[in-house]
Amino acid sequence: MSRRPVSDALEEHLQSLVRQHGIYVWRDPQLVFRRFADKWKQRLADSDRIAFPLLVFDGSMLELMLQLAPHMTSIERPRVLIYAGGLSDEQIRESPLLQACLAGQTGEYHPDALIKRAATGRVPADLITQHLEQPFDLGASNRWLRSLLQRPPGSELLHDVGLEELLDDLLQSRRIATQLDGPDAGLLLPHVKDHLHVKTGMPAAWWEPFDRNGPPTSRDVAMALLGWCQCVSFVQDLAVAPQSALLTPICQLDPALQQDCHQLVLRSQQGDPSRQQFYRMVAARTQDLLVPEHNILATHLGTFDTFLFEDDTILEATLQAVLDGSWDVAQIWCEQRAREDSFWLQEDTTRRNTWRLAQLTARLGAAIVAAGSLSAADSVTAAAATYTQRGAAVDRAHRELLQWQQLLIRKSLLPDTLRACCVHVQQVWSDWARQWATDFNAVCQRDGFLPTRDRQQRFQFEDRVRPLIHPEQTVALFCVDALRYEMAVELAEALAGDLPDDDISLDWQLAELPSVTAVGMNVLAPVADAAGRLELRHKDGELQGFSQDTFRVHNPETRKQAMHRRAGGNSCPYRKLEDLISQSDQTIRRSIGRARLLLIHSARIDIAGEQGLGPDVFAAELERLRTAIALLKRVGVTTCLITADHGYLLLDRRQATPATARQASSHRYDVVETQTVHHSSVSVSLQDLNYTAAGLSVVFPDGISTFDCSRPVKSFLHGGNSLQERVIPVLTVSTSTVPTVATAEEPECRLQLVPQPDVLDFSCVMIRVQSAGEGLFPAELPESVMLQLRVEDPTVRVQLCDVRGGDAVLKNNRIVAPFDQECELFFQLHGAEECRVPVTLSAASPQITLAPVTSTSRFDVRLEAGLATGADSEDASSGPTTISEDDATAAADWLSHIDDEGARSVFAHLQQHGSVSDDDLTRLLPNARAQRRFANNYERYARVAPFSVRLDVNPATNAKLYLREGRANDHSEQS
């Protein structure tokens, strides 16, 4: 044991200050430590190893500066301790010593602070307080502390044991725990209590619950230790004094002890799962002792949640702030609590999702306030520009809120208070969107519905696409049905992270009216004449595309022909987005060839919206676009342009009420023969829109209301004149660097997908990212790769539920999987119809080439409650007709995956007729052996079928009947 414990503490602290600052000027105006400084200087001079010199001011500033001069002129950073005894702050500022102070640091050491530093955590706090009442004498303080540090017999095990080391010992049954649980526990227990009193300030009253049933065990001691540290951490974080008498002593606890207790709490929350589970158990027990604190106001709680009731209190206050419209307050609390590393959210999915949804409601409200009003816009172009700058952020927050709200409703995890918050903020958004739409319609009626030429959709190909086309390069044009501007903002942000060296620019245009696929998608082709006129084809008010000379542009094929004619080149390949990302790099490279223009079409957003599948499918389509752009970059495409035909509105069905009782063919627009003004509606003649369609006008509901179409109003709507429907993105991604083209012989990493038996209500597959072999792939490949599980049918939504095995994790409905580790993926499929579909595993990371793999087995699709069972299209081109036009490829023949010829014939009969009896089996299979083989293996064959198969057996006759359940969900049926 040191004979000078207080002096040693002073030396250690001063040494740390010199190491930290280089030069440290130690002020001591009252010469309290002069004797100590002289002795320390002498000991340093006599030592062979001098870490730094100690210069002592002895009354001569000149002599001190002469001693300091060699150190100040050194090339290396000087390390000097200067004892400025007897000098006041003013004297130092007026002396040459000021230069040393500016080069380093200066400070004064109070004797009380020194004693606390040396003794805190080593002797009881009350003894320290008593000693501080006596006049300071460094020698006496050394003797006092040395006498108290002498360990009593029997306490040797506790010598220099810290809090975390002690807790580990108690929980892992090491030396101290073994003795506490043994026959000699009574000898060590008093020393343990004294030790904890010294280290944490734990009072004797804290032990009362643990002493009631006899001597505490090692686990009881561990609970007492962690529980008391939790209380200390809780009080340390409070903005007011605690109410419970049990916590009052903590207020007088030394800050160093408080910090030690908090560190133990923090490390326990961040420890291994068993330590975290122990923490939760102790916290639940401890917070029951703190009933008076449960009524504390949320504003009095700090930012660290020691106990669960703190999170409950803040969450309740956050939801109330949302209901009160205090968006900024709600956002602050959400930012503090709704973190992925928040302890109480880690294993509680319901709580985590509740906080996430609360955060989204607050974000939406704050975005609405920030967006302000549109009334100041003086033109259609200015109004649309204002929307891109402020309004789009509101609609993005609204879409993300609806996405999470839909997820929680499906899981029945939406508490009543949170549901009320969602309803409230939906109404706030509805009021905002209605006012902006009304103001925009007023601007259009005053100044015209068309923006300036550079913002008109009809000139996009000539002004935006054609200048990019080059004879030696391929430009990829993505025509994405219903890609709203705010979604392109999200996509651009993601691409900036994927492709940091590329030039990514986002601009906008206004979609033509009405904002439907038949108009917007066909006008993406060069169909306008030199004056910008459009020759609209229509029949009985139904829009049928545009004519260019004698050529009518009305579907994907005619659009491609019109674009090819203007772009030039030998070919103009056309691909559906889902087909493109399912192909290998080599296949895509061969199909593109030397084409100047590559067309990619995506209709999933529009189709999913019409089917009622909602925003979570929209997010998945953005991921597909990211994948496709990265894929095209790998195969040598240097420029991609992504645009849309129109946007959409997302309404709450309760808010989407008809504007009038007037009958119309669509909820959001109607084409009429005479331009008339109806109540709560606006109209414009097609001639004013520069269409060559005399006598026709288009009518829109004012605001975001709908017309009465004698059919239910859906939440997904388009066709009207709101900014959400009309502002479309023009996103350009270009690079000046042509990527190195891989050879066909280059080895690739591969994906493995093996179906597994269902577990409860979850489908399961085994997945693995298999490397090509050691040394066969570049060293710069990431440690893990992000994967996505998808279904080709756009009306089916994939929900990833859990992943088990290896180091794989789920993140944003994606799988982050390391190489060469198997893991089980649990998922569910939801759609508008009960059916069976295959799933495809593909890469979602742009940095790596992975060929997608599709399962031969099929998986059950669960009926999504409240979804439409068919595509209730609002216009002729956004429902089944659009699907038929764009479905260029037929589905794979699932029967080919059945390896037995006789079994194939049985399942073909089952698909056509719905049942197979014993008589049918006799006719379809050649002999009894084949029939037995089919009976033994029919479940394996049924996995690849697009429908479920049920086997009924008559108990009286033992006759078998195979029955088909559900339909075959193939793309061929949609086409």
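Tutor: Start with how elements are named. Helices (H or I, at least four residues) and strands (E, at least two) are DSSP runs, numbered from the N terminus. Ala488, for instance, is in helix 22 (residues 485-498). Residues are numbered from 1 along each chain as its sequence is written, side-chain values use heavy atoms, and hydrogens and water are left out. This is a predicted model: local features need pLDDT of at least 70, side-chain atom pairs count only at pLDDT 80 or more, and totals for chains, interfaces and linings use all residues.

Student: How many helices and strands are there in the chain?

Tutor: The chain has 34 helices and 34 strands.

Student: Is Ala488 buried or exposed?

Tutor: Here are the cut-offs. Buried means under 20% relative accessible area, exposed over 50%, partly exposed in between (1.4 Å probe, protein chains only). Ala488 has a relative accessible area of 1%, so Ala488 is buried. In the chain of 975 residues, 53% are buried.

Student: What is Ala488 in contact with?

Tutor: Contact means heavy atoms within 4.5 Å. Leave aside the neighbours within four places in sequence: Ala488 then touches Leu483, Leu506, Pro729 and Leu731. Now look at Ala644, 156 residues along the chain from Ala488. Their C-alpha atoms are separated by 9.7 Å. Across the chain, take contacts with a separation of 6 or more: 74% of them join residues 24 or more positions apart.

Student: How do I read a nonpolar core?

Tutor: In soluble globular proteins, nonpolar side chains tend to be buried together. A nonpolar core is a set of buried Ala, Val, Leu, Ile, Met, Phe, Trp, Tyr and Cys residues joined through side-chain atoms within 4.5 Å. The largest one here has 147 residues; Leu196, Trp429 and Leu597 touch the most other members. Apart from it lies another core, of 41 residues, including Val480 and Leu650.

Student: Which residues does Leu196 touch, not counting those up to four places away in sequence?

Tutor: Leu163, Leu166, Gly201, Met202, Trp207, Val221 and Leu225. Leu163 and Leu166 are also among the buried residues of helix 9 (residues 163-171). The buried residues of helix 9 pack against several helices, among them helix 11 (185-200) and helix 13 (218-237).

Student: How many disulfides does a search of the whole structure find?

Tutor: A disulfide is a covalent bond between the sulfur atoms of two cysteines. The test is a pair of cysteine sulfur atoms within 2.5 Å. The search finds zero. Compare two cysteines by accessibility. Cys444 is at 1%, so Cys444 counts as buried. Cys251 is at 41%, so Cys251 counts as partly exposed.

Student: How do I read a sheet?

Tutor: Strands of a sheet pair through backbone hydrogen bonds, either parallel or antiparallel. Two strands pair if DSSP finds at least two bridges between them. Strand 2 meets strand 3 (residues 80-85) through three bridges. Leu54 stands opposite Leu81 there.

Student: Where can I see antiparallel pairing?

Tutor: Go to strand 33 (residues 948-953) and strand 34 (residues 960-965), which pair in the antiparallel sense over six bridges. Arg950 has Leu963 as its bridge partner. Six residues sit between these strands in the hairpin, where Asn958 has a positive phi near 60°.

Student: What should I know about phi and peptide bonds?

Tutor: Most residues other than glycine have a negative phi, and most peptide bonds are trans. Ser173 has a positive phi, near 55°. Ser173 lies in the loop between helix 9 and helix 10. With a relative accessible area of 54%, Ser173 is exposed. Asp820 also has a positive phi, of about 60°. At 35%, Asp820 counts as partly exposed. For a cis peptide bond, see Leu513 and Pro514, where omega is about -10°. Pro514 is in the loop between strand 6 (503-510) and helix 23 (517-520).
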